[in-house]
Amino acid sequence: MLILGLESSCDETAAALVTGDRRILAHRLAGQEAAHTPYGGVVPEIAARAHVEALMPLVEGAMADAGVSLRDVDAIAATAGPGLIGGVMVGLVTAKALALAAGKPMVAVNHLEGHALSPRLADPDLAYPYLLLLVSGGHCQLLEVRGVGDYRRLATTIDDAAGEAFDKSAKVLGLGFPGGPAVERAAALGDPRAVPLPRPLVGSGEPHFSFAGLKSAVLRAHEAGIHSAEDIAASFQQAVVDCLIDRTRLALRRADRPTALVVAGGVAANAAVRGALTALAAQHDLPFVAPPGWLCTDNAAMIAWAGAERFAAGLTDPLDVPARARWPLDPTAEKARGAGVKA
Ligand code: KG4
Ligand code: ZN
């Protein structure tokens, strides 16, 4: 089985070819850093236009790398949401056109399912159900991954996502964009105990996350002018790690006999996050699974792989499947108490 996957939900345009037996034959990616840097964040309209220009050359490049043509592909998978709607539409419409032209089935992939199943692409031994900490720029959730399309959300953020907190803190500290890797580099040069920062919701019986207060505390620490950006970055990163670990520990108590503790999403590329989760899993006698860094941040291999899992399960979509700005993995999950408008 050979799946072509497309990704365009945020600020990375990507195309990949992945087989049903987990071989990544090709993956190409074009970032948009230069286009968004002057604005200090992703501008949706600029992102959508950049996807239009980048996508087809990436598809052709990936097929050339793999030495295959559309005829060899069994299905075409694309992110259909959630994300910036203009970008999602670019990838989805492209996938529909390719599917129609080549007479191939189409698989509409939830971007979060791409992240959620990416650890199974990296590790053939990872079996359902597993407890997943999904930490990206747009989401911060704890999920029981019970099977393809079968998710139970145990926790979500009531305000900002963890990656968003990294990005906003980087902006405040003048470390540049994208913020996560910049904060991690600065943190390596600082003292994580230098600046007292809050750990929102740590110790709470409510299962959820909150990062807005931490973000504001970073702003206040910066404005106070006492500590270096490196010390604030290191202290901030430690506070995020402490929050993630505390909330994940609670979820481990509530999860139904997971086979492993798993992390995915852009923030999972962070070495401090991975290190702390490794220790937490060991305390619970669970294997710890984290995809390599490039598979944690947005890419098309994870979309192709989620497409492969869905296709193998007989799940394809009609050509009028819509793009969705919002698309929860667990539609039955109740809104977190105290949550703002972000879901
Ligand atoms: O999964 P992703 O590529 O895109 C979304 O679906 O959101 O995640 C991007 C997020 C950004 O907020 C970025 O700052 C963060 O992941 N990130 C990191 C690191 N690399 C990326 N955060 C902390 N440390 C990193 N090394
Ligand atoms: Zn993502």
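**Group meeting: helix packing around α8**

Okay, let's start with a contact: Leu-214, Val-218, Ala-221 and His-222 in α7 meet Ile-232, Phe-236, Ala-239 and Val-240 in α8, where contact means heavy atoms within 4.5 Å. Before I go on, this is a predicted model, so local features need pLDDT of at least 70 and side-chain atom pairs count only at pLDDT 80 or more, while totals for chains, interfaces and linings use all residues. For bookkeeping, residues are numbered from 1 along each chain as its sequence is written, chains are lettered from A and ligands numbered from 1 in the order in which they are written, and side-chain values use heavy atoms, leaving out hydrogens and water. Helices (H or I, at least four residues) and strands (E, at least two) are DSSP runs, numbered from the N terminus.

Back to that pair. Helix α7, residues 212-224, packs on α8 at about 165 degrees, with the axes 11 Å apart. Axes here are lines fitted to C-alpha atoms, for helices over the stretch in contact, and angles run from 0 to 180 degrees between N-to-C directions. So α7 and α8 are roughly antiparallel; the cut-offs are under 35 degrees for roughly parallel, over 145 for roughly antiparallel, 65 to 115 for roughly perpendicular, and oblique for the rest. Their crossing is right-handed, meaning that the near helix is turned clockwise from the far one by less than a right angle, with anticlockwise being left-handed.

Now, α8 has other partners. How do α8 and helix α9 pack? The angle between α8 and α9 (residues 271-283) is about 30 degrees and their axes are 10 Å apart. That makes α8 roughly parallel to α9, and this crossing is right-handed. On the α8 side, the residues involved include Val-241, Leu-244 and Ile-245, and on the α9 side they include Val-273, Ala-276 and Leu-280.

Then there's α6, residues 179-187. Its axis and that of α8 (residues 229-254) come within 7 Å and cross at roughly 110 degrees. That makes α6 roughly perpendicular to α8, and here the crossing is left-handed. Val-183, Glu-184, Ala-186 and Ala-187 in α6 meet α8 residues, among them Glu-230, Ala-233 and Phe-236.

On to the backbone. Most residues other than glycine have a negative phi, and most peptide bonds are trans. With that in mind, where are the cis bonds to look at? One joins Gly-81 and Pro-82, with omega about -15 degrees, and Pro-82 is in the loop between β4 (75-81) and α3. Another joins Tyr-128 and Pro-129, omega about -10 degrees; Pro-129 lies in the loop between α4 (111-122) and β6 (130-135). Also have a look at Arg-257, which has a positive phi near 40 degrees and is found in the loop between α8 and β9 (261-264).

Salt bridges next: a search of the whole structure finds 13, taking a side-chain nitrogen of Lys or Arg within 4 Å of a carboxyl oxygen of Asp or Glu. One I'd show you is Arg-120 with Glu-309, 2.7 Å from N to O. Arg-120 sits in helix α4 and Glu-309 in helix α11 (residues 301-312), so the pair ties together parts 189 residues apart in sequence.

That's my tour, so over to you.
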